[in-house]
Amino acid sequence: MSLEEAPGSLESDVTSMRFEDTELTLGLPGEGRSPAVIAGVKCSAKRGFVETVDLKLGSCSRAPSGGGDTHVNEAGAGKPPPAKAQVIGWPPVRSSRKKAINESCKYVKVAVDGAPYLRKVNLGVYSNYHDLMKDLENLFTCCIIREYQLISLSLICIHLNRKADREESKVMDAVKGMEYVPTYEDKDGDWMLVGDVPWKMFIESCKRIRLMKSSEAAVLAPKASLKCSGTC
Amino acid sequence: MNYFPDEVLEHVFDFISSHKDRNSVSLVCKSWYKIERFSRQRVFIGNCYSISPDRLIARFPGLKSLTLKGKPHFADFNLVPHDWGGFLDPWIRALAKSRIGLEELRLKRMVVSDESLELLSKSFLNFKSLVLVSCEGFTTDGIAAIAANCRFLRELDLQENEVDDHRGHWLSCFPESCTSLVSLNFACLKGEINLGALERLVVRSPNLKSLRLNRAVPLDTLQKILMRAPQVVDLGTGSYVHDPSSEVYNKLKSAFQRCKSIRSLSGFLEVAPRCMSAIYPICTNLTFLNLSYAPGLHGNELTKLIQHCRKLQRLWILDCIGDKGLGVVASTCKELQELRVFPSDPYGAGNAAVTEEGLVLISAGCTKLNSLLYFCQQMTNAALITVAKNCPNFIRFRLCILDPIKPDAVTNQPLDEGFGAIVQSCKGLKRLSLSGLLTDQVFLYIGMYAEQLEMLSIAFAGDSDKGMLYVLNGCKKLRKLEIRDCPFGNAALLEDVGKYETMRSLWMSSCEVTLGGCKTLAEKMPSLSVEIINDTDQMEFSLDDRQKVEKMYLYRTLVGHREDAPEFVWIL
């Protein structure tokens with residue numbers, strides 16, 4: 001019974017999780033009580049926690065018990081496993097609260113071509129493109145990229161207004177001559193030019209951001225305008 | 001025996017408002033019972049299945065305000081299937097048919113349909129107040145009916161409900177003639193609303209004291225509303241995101257400066273940290289601050305904000321405040337009575353940012369603390385002992401260590417001694433939730449010392465039946481006991497069956513009780529309803545008495561088994 005067996009099943013939805021798997025997760029000596037498995041959400045994060053816990057508590061021995069621990073084992077061994085793993089409801093937080101916190105947290109990864117590492121920003125704290133770009137600029141100034149005039153990014157965004165329709169040419173003009181072009185991956189997996197859609201729509205569809213070197217962006221731009229005219 | 005005419009007694013009873021006292025009064029003698037029942041206006045029913053609508057109406061013809069609770073508490077954490085029960089409909093139908101002049105309805109964890117809401121809105125001319133907490137089953141159409149038909153509506157308070165949002169128009173359903181609103185809370189609604197209708201409603205509601213907006217209300221609307229309603233006492237912001245250098249933001253700042261009455265602040269469902277400085281002027285008078293939905297706020301902005309809140313009595317916050325941040329709370333908020341620290345990563349996968357250190361700092365600085373809900377990464381016995389010494393006034397103490405069987409982080413011992421210190425020191429403790437590694441010993445302490453305890457929540461704790469028995473035998477005032485994943489079985493369940501008649505309810509899930517044990521209990525106690533909830537797809541839900549019961553919920557009732565139980569609920 002090793003932890004390695006559990007994660008794969010954690011990844012898929014709850015109905016495919018077997019009861020025995022939940023026994024493994026906390027990794028307490030002999031009796032793995034797993035309270036914290038919740039149907040089908042954030043599984044990759046769950047795995048990290050589970051592994052950590054296993055490492056931490058491996059040496060802790062639970063007081064010898066008559067019932068509790070063995071209850072989990074017996075139930076798993078004796079009966080056919082229930083179709084759904086019923087180990088839910090921990091931590092005891094109302095689902096409305098969980099959902100609400102989830103919705104206000106819109107952390108996305110930001111990559112800049114040539115930077116040694118990525119950053120993460122919470123899109124929820126910005127009200128417009130301008131503020132976002134300014135912060136991105138600050139985030140990456142520690143890298144050599146500074147020489148490449150990241151400030152120009154905010155210039156693009158001065159042209160961007162979340163209410164008005166954007167004419168492609170304005171955006172394209174602004175993009176011309178920039179070293180870096182802000183792009184983002186949307187829900188459909190397509191790479192889009194930042195700034196085409198209203199801010200609110202952008203937050204909802206943006207999955208990650210990439211500041212692309214403009215030599216590559218030139219290839220993207222015609223596609224982006226096609227995409228835009230398709231969906232706008 | 002009465003030495004006074006009935007009118008005098010009635011007048012005296014008018015001064016008795018608490019439900020407990022009223023109940024006691026009604027037990028004195030027949031004539032007191034009679035006088036009390038005719039003069040009673042407010043009734044609280046903690047379990048909607050303990051009594052029937054007809055009996056309620058028959059006993060209290062003067063009923064004006066009804067509070068009803070439906071599903072058991074663990075339904076909040078997805079342990080109870082949605083269609084388990086708790087339907088409002090039969091109550092509304094019965095009340096509508098009667099001559100009861102209902103004015104106020106407060107519901108918690110009930111299933112409420114649009115039809116019920118519509119019937120409610122049309123049946124009671126003087127209906128004034130609707131409060132729905134953690135309810136489900138309705139849409140904004142039902143809310144629209146309330147808005148449209150309740151001509152003297154004062155309060156519409158929707159807290160944490162699951163509402164199907166049909167967008168927008170319900171706000172416009174308040175007629176122009178409706179000027180009586182005192183309290184409006186729609187923070188839990190997810191959809192867009194008609195901002196113009198909202199502004200007009202605020203303008204024609206001069207008595208509006210409490211307003212909690214939802215995420216769809218932008219900052220510029222908030223600013224406009226505050227300008228028109230500076231008398232507001234309790235404010236919940238909507239989306240609190242804006243460019244801090246904008247004109248709108250400047251206007252908001254001056255609007256806040258005019259709102260001298262705000263004592264309670266919540267919302268911040270979306271928040272731009274740089275916009276928080278607008279709030280500093282109202283911080284000085286705040287008594288309640290709820291930032292528990294604002295994960296975007298942490299570090300310096302948060303502590304800077306809190307340093308302005310010297311009069312705070314209740315604080316709801318996320319654990320990203322950290323132990324250091326709690327230290328700032330401890331040194332600033334000397335009037336603090338209630339603290340709730342929620343996990344910012346509620347799926348429990350990450351690490352909570354607070355530990356026992358934060359709690360100890362709070363206890364040292366905030367000696368008036370009497371109510372705690374604390375989600376943390378770890379705890380120690382030493383910390384709990386210190387907290388018990390510093391704060392002997394706890395009425396509610398709920399500790400949730402994210403890893404539910406984690407021992408003392410320093411000594412690796414169970415946390416029995418720590419919780420033991422809490423129950424021994426806090427003589428007025430009414431509500432307790434345990435977590436961490438716990439043996440039967442903690443229950444021995446609870447049985448011995450927790451004399452005022454009314455509600456106890458236990459998860460993943462104890463070693464044997466003795467644990468549960470200590471509690472059942474010791475806690476004389478126990479009303480609600482909820483247990484999950486503990487090794488308590490039939491011996492504990494059946495030792496003193498009469499005890500459950502003195503309690504509202506008992507919940508046991510993933511414990512050791514068997515079907516046979518539950519059947520025995522049901523047989524011996526016809527005044528209890530013993531429900532087995534079988535919502536797994538276990539086809540082999542056989543009649544084998546030795547089978548362990550996954551979920552059992554039992555409660556005392558005066559009206560026998562309910563008739564609206566779904567298929568997966570078996571009432572023994």
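Predicted model: local features only at pLDDT ≥ 70, side-chain atom pairs only at ≥ 80, totals over all residues.
**Stop 1**

Begin by selecting residues 4–45 of chain B, which an unreviewed UniProt entry annotates as "domain: F-box". Colour this stretch by secondary structure: it is 64% helix and 10% strand. Its end C-alpha atoms lie 31 Å apart.

Now pick out Asp6(B), Glu7(B), Glu10(B) and Asp14(B), and show their side chains. Together they form a patch of negative charge on the surface. Asp14(B) belongs to helix H1, which covers residues 6–14 of chain B. Is Asp14(B) buried or exposed? Its relative accessibility is 54%, and the cut-off for exposed is over 50%, so Asp14(B) counts as exposed.

**Stop 2**

Next come pairs of opposite charge. Side chains of opposite charge can pair when their charged atoms come close. Over all chains, the structure holds 32 salt bridges; a few of them are visited here.

Select Asp76(B) and Arg94(A), whose side chains form a salt bridge at 3.0 Å, N to O. This pair crosses between chains. On the chain B side, Asp76(B) sits in the loop between strand S2 (65–69) and helix H5 (89–97). On the chain A side, Arg94(A) sits in the loop between helix H4 (68–78) and helix H5 (95–104). Asp76(B) has a relative accessibility of 7%, so it counts as buried.

Then move to Lys106(A) and Glu270(B), which meet in a salt bridge at 3.9 Å, N to O. Lys106(A) is in the loop between H5 and strand S1 (107–112) of chain A, while Glu270(B) is in strand S13 (residues 270–271) of chain B, so this pair too joins two chains. Glu270(B) is buried, with a relative accessible area of 11%.

**Stop 3: a link within chain B**

Finish with Arg479(B) and Glu454(B). What do their side chains form? They meet in a salt bridge at 3.0 Å, N to O. The two residues are 25 residues apart, and the pair links distant parts of the chain. Look for Arg479(B) in the loop between helix H18 (465–474) and strand S21 (480–484). Glu454(B) lies in the loop between helix H17 (440–449) and strand S20 (455–459).

Key: Residues numbered from 1 in each chain as written. Chains lettered and ligands numbered in written order. Heavy atoms only, no water. Patch = residues over 30% accessible without salt bridge, like charges linked within 9 Å, V, L, I, M, F, W, Y side chains within 5 Å. Areas by Shrake-Rupley, 256 points an atom, 1.4 Å probe, with all protein chains shown as cover. Salt bridge = Lys/Arg side-chain N within 4 Å of Asp/Glu carboxyl O. Lys, Arg positive; Asp, Glu negative; His and termini not counted. Charge placed at Lys NZ, Arg CZ, Asp CG, Glu CD. Helix = DSSP H or I, 4+ residues; strand = E, 2+ residues; numbered from the N terminus. Buried < 20%, exposed > 50% of the residue type's maximum accessible area, 1.4 Å probe, protein only. UniProt positions renumbered as here; feature names shortened; annotations may be inferred.
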